[in-house]
Amino acid sequence: MFLTALLRRNRIPGRQWIGKHRRPRSASLQAQRNTVRRLETEAENHYWLSAPHLSAEQEYGHAAERRAAAFRAIRAAARARFPPHRALVDQLSHLNVTKKWT
């Protein structure tokens, strides 16, 4: 047995909660329950995702119309914020009081 190990008596070197030789945390009962619950939820998600309801052929393009409608709505909202077009004739029509040359 080394003298250093004998004198240190299983002391944790450095900060006891971080590092390579850190003190292991004891898992509380609540932490164990939370881990089990999280793993059960993950297993259920895996079960539901393992068997899809749609085949690959049915899934291809199933949301194309919805995406196109959403894009049309976004484009219409952007156009609603943009001011309407104004022609130069409309801007300068107040100068057309008379149409004869002086």
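Figure 1. Side chains of opposite charge can pair when their charged atoms come close. Here the side chains of Glu65 and Arg72 meet in a salt bridge, with 3.3 Å from N to O. Arg72 counts as partly exposed, because its relative accessibility is 41%. The structure holds one salt bridge.

**Figure 2. The aromatic pair of Tyr47 and Trp48.** The structure holds one aromatic pair. Tyr47 and Trp48 form this pair, with 5.0 Å from centre to centre and 70 degrees between the planes. A pair of aromatic rings is described by the distance of the centres and the angle of the planes. The arrangement of Tyr47 and Trp48 is edge-to-face, because planes over 60 degrees apart are classed in this way. Tyr47 counts as exposed, since its relative accessibility is 55%.

**Figure 3. The nonpolar surface patch of Leu88, Leu92 and Leu95.** These three leucines, Leu88, Leu92 and Leu95, form a nonpolar patch on the surface. Together they have about 320 Å² of accessible area. Leu92 is found in the segment that follows α5, a helix covering residues 88–91. With a relative accessibility of 40%, Leu92 counts as partly exposed.

Figure 4. Arg33 has its place in helix α2, which comprises residues 29–50. Arg33 counts as partly exposed, because its relative accessibility is 47%, a value between the limits of 20% and 50%. In sequence, Arg33 and Lys100 are 67 residues apart. In space, the C-alpha atoms of Arg33 and Lys100 are 93 Å apart.

**Figure 5. The setting of the close-up views in the protein chain.** The secondary structure of the protein chain comprises five helices and zero strands. From the N terminus on, the order of its elements is α-α-α-α-α. Along its principal axes, the C-alpha trace spans about 120 × 45 × 25 Å. The protein chain has a radius of gyration of 37 Å, whereas a compact globule of 102 residues would have one near 13 Å. Of the 102 residues in the protein chain, 1% are buried. The protein chain exposes about 11,000 Å², and carbon and sulfur atoms supply 58% of this area.

**Figure 6. Confidence in the helices of the predicted model.** The protein chain averages a pLDDT of 87, and 91% of the residues score at least 70. Confidence is lowest in helix α1, residues 3–8, where the mean is 65. Confidence is highest in α2, at 96; Arg33 has its place in this helix.

Key. Residues are numbered from 1 along each chain as its sequence is written. This is a predicted model: local features need pLDDT of at least 70, side-chain atom pairs count only at pLDDT 80 or more; totals for chains, interfaces and linings use all residues. Side-chain values use heavy atoms; hydrogens and water are left out. Patches are made of residues with over 30% relative accessible area and no salt bridge: like charges are joined within 9 Å, nonpolar side chains (Val, Leu, Ile, Met, Phe, Trp, Tyr) within 5 Å. Accessible areas come from the Shrake-Rupley method with a 1.4 Å probe; for residues, only the protein chains shown count as cover. A salt bridge is a side-chain nitrogen of Lys or Arg within 4 Å of a carboxyl oxygen of Asp or Glu. Helices (H or I, at least four residues) and strands (E, at least two) are DSSP runs, numbered from the N terminus. Buried means under 20% relative accessible area, exposed over 50%, partly exposed in between (1.4 Å probe, protein chains only). Rings of Phe, Tyr and Trp (its six-membered ring) pair if their centres lie within 6.5 Å; planes under 30 degrees apart count as stacked, over 60 as edge-to-face and the rest as tilted. The radius of gyration is taken over C-alpha atoms; the globule rule is 2.2 Å times the number of residues to the power 0.38. pLDDT is the predictor's confidence in each residue, from 0 to 100.
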